[in-house]
Amino acid sequence: MARELLSILLLAPLTAILLSLVSRRSRIAEYATVAAGVIDLLVSIPLLLSVRSGSIIWANQYILVDVFGGWVILCISIVYALSSIYAVGYMRLLNEDERLPAFYALFSGFTLTMLMACVMNNAGVFWIAIELTTLVSTFLVGFEREAESTEAAWKYIVVVSGGISLALLGTILFYWGSSFVLGPSYAMTWAALRLSAPKVYPPLLLISFLLVLVGYGTKAGLAPMHTWLPDAHSESPAPVSAMLSGALLNASMLGIARFLGVVTGTSVSRFAHAAVVGFGIFSFVIAILFIVRQTGIKRLMAYSSVEHIGVQALGLGFGGPLGMAGALYHMLNHSLNKSLMFYGAGNAMRAYRSKDIGSIRRVLKVFPVSGILWLLGAIGIAGAPPFALFLSEFTVLRAGMQGSYRWAAIVFVLLLIVVFIGFLAHFRAMYFDEAPEGDIARLPWTAWRTLPMWMAFLPLLVLGLWWPHGLWIIFHQVFHSVMGGSQ
Amino acid sequence: MFLAHIDSLQASIFSSLAILSLLLTFVMLGSHWLKNYVYAFAAQSWLIAALSASVGYFSGYRELYAIAVLTALFRGLVLPWLLMRIVHRLNVKREIHAVLQTSSSLVIGACAVMFAFVIANHMSRQQQGAAHVVILALTIMLAMKFLGFLMLSVRDEAVSQILALLVLENGIFLGSQILVPGMPLLIEIVILFDLLIVVACFGMLVRFLVVHAGTTSSRELNRLVG
Amino acid sequence: MTLSNSVLQICQVLSVLLLAPLLQGFILKAEERAQRSRGPSIFQPYRDLWKLFHKQSVVPESASWIYFIAPIVAFTAMLIVPLLIPVLTDRPLPLSDMGDMLGGGMILTLGSFAIILAGLDSGNVYGGIGSSRAAMLAILAEPTLILVLVGVSLLAKAMLPFVVNHLLLSSASVYLSPAHLFLILAFFALLLVETDRLPVHSSTHLEIYMIDEARILEYSGPLLGLIKWASMMKQFILYIIFCNVFTLPWGLSQLGTPMGQLGAVGSLLLKFLFVAIVVVVVETIQSRLRFYRYQEPLAAGFLFAVLAIVSSQLL
């Protein structure tokens, strides 16, 4: 059953790619992508449920579908579905109809590579999949062919390629370290690495893990390796930004979490967890510094992504079932909320024809209904109840207070206050400040651009009020399967 | 393990090839002309292919011969050819602005090699008869990483940055040939082809840079700040 | 029938004496051929020397006894060095105990030093320029030379060139080791500088740009012939050291028979052919460096020598 589901999951975007490339007509490409998104979303839920009972290993140990992978697949599929609906409405505004089939092909290709990364059992092949995501998304980032977009795409590919080459070095060192235990030729599955990790020479293990952390941290957007993130997320078209923020960062955190699970239980575990916490806090600090004085609307969202990745890293680093649960719940909530924010930002940019926060004023006049959604999303992303991010951040905080990282948790709380004030100050200005006289911005309403916002907002509200017990069980299972149950 | 049983002749051959590759990295670090940069990279790739072949010969992993041939072809011929095409098309011959003088960057590179040696020593202390080749391979792998990032930082031409990224990968490849020759073939081949795709993507991007941003020097790509 | 040791030694010195102009002629012709012109015959240096020895000598008024002694000192030094290094045979001949590698290096430098003094002797301004430039090059090259000799001694754990030769012949792992490769590269850089090849060359007739020729501007006739012969022999000797001690240690006569000697001479010429072609290729693809950049190839050679020493200790 799970195999069929996985096949459908991977074949749907593939079919969308083929249809887009072969037909070369933007309408067909749009509908194919939306269909693929919806199919993936519908398939990922039973897939997650079906692997609760046990992970599935397939194709000569190369493919692994476990609960963790299933959860990240769910997050990615949600963003894929919502973004593909939004993209239909948004990309039509760009007046680039001839290039749209290529765009949708790249879009589905991007999703396909991310989904593949989630099911890879071999650490080396995982790296290859992540590298492929970089290559495909570069062209998405530079899609608009402006000077800024090309510059952003260049910075993206250079910084991220440099970063993940460090991750490759770390992977090779992991392989080498474990080859003393498992022999010179073996399949580098996560389970094999975790089995041999306690017997590997500790300094070697630690250096390998730190390299992997920095490498995949570059891809995930942890500071100080985040320098590509504001540029790439702000210059790409809004649906692509949502995918980058909501899906790609999650796939990279998957890599970090799996490697963290490999070294948990060994003698370097404390240092490794401390390193992850350190990066998390540093991301938080950097993000806040740049949020407070930000002038671009999408850059603001990008730095908010850095902040939330910091929260996820904190959750992983604090450790324990609670920390893991917080981080995982945060993955889902952040995907939903950030997609909402980017859709709103995309709408605002198109309406006001500018990326500056200073030119966006009196949003409620232009977007009476979706403007309310956007504002509520902003309150949610700043971490306030009753939205879901509050619950996940609170859980991470609890995990921090329990363990030995009280200082980090206290810093976290203080910085959250700063984020709340800083982030919402921009929104207050956008919504309630006086607008300069001039022609009112307007944008024709279409369901394509508003429906995804509703679809992102409602689960956010529901999950903020009710944490399903089933999810608790799933998170516990993830913790035990990834971290080995020992801490 | 293979490395525990090598004799001095094999150690000499591996050491010589690896050290010459490192030297070529220094040549790349110190050269201003993009042509020399690309030729040094090609020579380095050939040396690494020779290293692959000799490891395959002495260790009995016959598939390394295939890897050696593929490396020599793709990294040694196709990649430099693609890069020279990009250089010709861009009509840039040399690095105009040097952030760091040649001699300073060579000295920093030497310090980086020494630092890498210290780390490599520390990492391999566990094995009782740690062959010198192991420490050398680790040193060179880490040193080429440092030198690659150094090149990435101080150079602003787009082609130089591409080459710096390729040097990073070359370093890893070199180290993995000596340290883990038994790594599954699939991964090695895919990494090899991955590089080809990377360079193709870079080629396209560089063209976009020229057309839309008007320049390939990252010194002038400063529209996105904050 | 093995020849006696003294005959072998005389053969060594004679081969250096008589074959040095041939090497010079070959290099000049190869250079010209590489640039697609015909070039002089390879026996031309012999004819030049013959011509010089039959010309009248013109001596400046301000010359002192150094003027007459210097060419003789240089010539004699170049005759002594072949006794110390493996030229034709690979076993040490009796008089080779007179000096080890450092001693040989010192005697080579003595010859250059004598010519530097000669350039200063007559008070000619161009002589002074030439001597100062040559002295600067010597200062830059000496540390590299010393370090190369130290590196070779560390590699072979002995100071005699014969031991190094045997070691390289017997052990392929030492031959292919990084230390040895670095020493080859360092000595190659030195070879280019000391034998006055590009990028250090100055083949101009304008005195203001000359390095080595300026020192000998005042000489004519037989004394000039001696000096030129001495410089050709120095080139020959450096090639011998490069081939027999470092790069291509094969082909030396072991028993000392006349046929062995002839064979050794033949293999020597063959090796020199190969090295000379490499030198000509390296020279042709480069252009001359500006004077203040002469430190660069020598610094590279120094770096290689240091790396050789380091890697011989660590690996």
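User: How many residues does the contact take from chain B and from chain A?

Analyst: Some ground rules to begin with. This is a predicted model, where local features need pLDDT of at least 70 and side-chain atom pairs count only at pLDDT 80 or more, while totals for chains, interfaces and linings use all residues. Residues are numbered from 1 along each chain as its sequence is written, and chains are lettered from A and ligands numbered from 1 in the order in which they are written. Two residues are in contact if their C-beta atoms, placed from the backbone, lie within 7 Å. Here the contact takes 35 residues from chain B and 37 residues from chain A.

User: Which helix of chain B gives the most to that side?

Analyst: Helices are DSSP runs (H or I, at least four residues), numbered from the N terminus. On the side of chain B that touches chain A, α7(B) gives the most, with 11 residues. By class, that side has 23 nonpolar, eight polar and four charged residues. Nonpolar means Ala, Val, Leu, Ile, Met, Phe, Trp, Tyr, Cys and Pro; charged means Asp, Glu, Lys and Arg; the others, Gly among them, are polar.

User: Which chains have no contact joining them?

Analyst: Chain A and chain C; their closest C-alpha atoms lie 22 Å apart. Of the two pairs of chains that touch, A and B have the most contacts.

User: How should I read a pair of packed helices?

Analyst: Two packed helices are described by the angle between their axes and the distance between the axes. Axes are lines fitted to C-alpha atoms, for helices over the stretch in contact, and angles run from 0 to 180 degrees between N-to-C directions. In chain C, α5 (residues 125-156) and α11 (residues 295-314) pack at about 20°, with axes 9 Å apart. α5(C) and α11(C) are therefore roughly parallel (under 35 degrees; over 145 is roughly antiparallel, 65 to 115 roughly perpendicular, the rest oblique). Their contact has 14 nonpolar, five polar and no charged residues.

User: What is the angle between α2(C) and α9(C)?

Analyst: About 150°, with axes 7 Å apart, which makes α2(C) roughly antiparallel to α9(C). Among the residues in contact are L49(C) of α2(C) and W229(C) of α9(C).

User: Is α13(A) largely enclosed or exposed?

Analyst: A residue is buried if 20 or more other C-beta atoms lie within 10 Å of its own, exposed if 12 or fewer, and partly exposed in between, with C-beta atoms placed from the backbone. In α13(A), 29 of the 33 residues are buried, so this helix is largely enclosed by the rest of the structure. Just after α13(A), R353(A) takes a positive phi of about 55°.

Terms used:
Helices (H or I, at least four residues) and strands (E, at least two) are DSSP runs, numbered from the N terminus.
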